[in-house]
Amino acid sequence: MAHPILLIIVSLLSLVCALSPYSRPNSFHDSSSRDNDTIPLVIWHGLGDSYSSSGMLEIMDIVRKAHPSIFIHSVYIEEDIEADQKAGWIGNLQLQIPLVAEQLAAIPELQGGFDAIGFSQGGQFLRAFTEIYNSPPVHNLITFGSQHMGIAASAACKPFDVVCYLVQSVISTGVYTEWAQTNVIPAQYFRDSKQLPTYLASNHFLTAINNEIPTSRNATYAKNLASLSNLVLVLFTQDTTVVPKESAWFGSYAPPAEGELTGTDEPTLITMRKQPLYVEDWIGLKTLDEAGKVKFASCEGGHMQLTQACWGLIVNNYLGGTKKVLKNDLTEFMLVQQL
Ligand SMILES: *[C@@H]1O[C@H](CO)[C@@H](O)[C@H](O)[C@H]1NC(C)=O
């Protein structure tokens, strides 16, 4: 039986789609400089955004100011901007990730490899691409406020964001139903520390890319992730959208201890180097870290507050390398913390 909310979402979405005029994408990649040695960049937007929003175009402009000859591709699920925005909420990651892999494999400029920036959920999606495909290969993978260990609570919606409210109601009523796990994007990385066995039994996306299921661990994922030049993990210090915000650094809440009053006690945080995923190196993260290639950075401010101070140095230090000179510094100026 279809989830009742499904019918509501589908009818509302078709209504919204019918009402919105078709908007042509401005540009989803820049083709001004095909013959150059600069490592190209792939970016993947966050939830509620689209591949060609004004914010994403601005980001591309900033990167181009620092690296004039860089080729940039902004990942899309749908060419129509509104449809692309909705595809960040509603869809199946087991279909979206392969679609993006096909998209990236078909872009001639990317064939020698690229650097990648994932904003918010786009970060764990680009990590999924790296682990499962890595073809073309990713050099530096930079994620901003991403949910590498999932989210343990759903974030507040902006006023009048109907799709957000519907998604939130699905999450609160049945996040681990098969329907939600194959149709609602944020449900596919919802990792409720109070019901981990249910998560492990029902979730397809996050359990797979984190190699959490002992019987279906895939060594290729670990090999591919460990092949990165750098994995740069950026956390927003005042992030209240991502719960816990340390998910950006592979942190998660510990399951409540026996007899602990759930809801009243502040949950314990498991930091990256204490995660079983890390200790047993299920995804190559420990290998990468021991090689000094996992970089922790933090930005002052709330979720996705991309100030110049926050990401200017990342743009300068990790992007725009050439095949001969790979970029990999992180200057002292960033508040760098090791967990
Ligand atoms: C592991 O992942 C690789 C790369 O995605 C895939 O080709 C392979 O079939 C997977 N292996 C298993 C056993 O699922």
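Reply: Arg-64 and Asp-61 both belong to helix α2 (residues 54-66), where they are three residues apart, about one turn of the helix; helices here are DSSP runs (H or I, at least four residues), numbered from the N terminus. This is a predicted model, in which local features need pLDDT of at least 70 and side-chain atom pairs count only at pLDDT 80 or more, whereas totals for chains, interfaces and linings use all residues. Residues are numbered from 1 along each chain as its sequence is written, and side-chain values use heavy atoms, with hydrogens and water left out.

Me: Why is the pairing of Arg-64 with Asp-61 called a salt bridge?

Reply: The term requires a side-chain nitrogen of Lys or Arg within 4 Å of a carboxyl oxygen of Asp or Glu. The closest N and O atoms of Arg-64 and Asp-61 are 3.7 Å apart, so the pair meets that cut-off.

Me: What makes Arg-64 count as partly exposed?

Reply: Buried means under 20% relative accessible area and exposed over 50%, with partly exposed in between (1.4 Å probe, protein chains only). Arg-64 has 22% relative accessibility, and therefore counts as partly exposed; Asp-61, at 40%, counts as partly exposed as well.

Me: Which parts of the chain does the salt bridge between Arg-191 and Glu-212 tie together?

Reply: The side chains of Arg-191 and Glu-212 meet at 2.8 Å, N to O. Arg-191 lies in the loop between α7 (178-183) and α8 (196-202), and Glu-212 in the loop between α9 (205-209) and α10 (219-226), so the pair ties together parts that are 21 residues apart in sequence. Arg-191 and Glu-212 are both buried.

Me: What makes a set of residues a nonpolar core?

Reply: Its members are buried Ala, Val, Leu, Ile, Met, Phe, Trp, Tyr and Cys residues, joined through side-chain atoms within 4.5 Å. The largest such core has 62 residues, of which Phe-250 and Leu-285 touch the most other members. Apart from it lies another core, of 23 residues, including Leu-41 and Cys-310.

Technical notes: Helix = DSSP H or I, 4+ residues; strand = E, 2+ residues; numbered from the N terminus.
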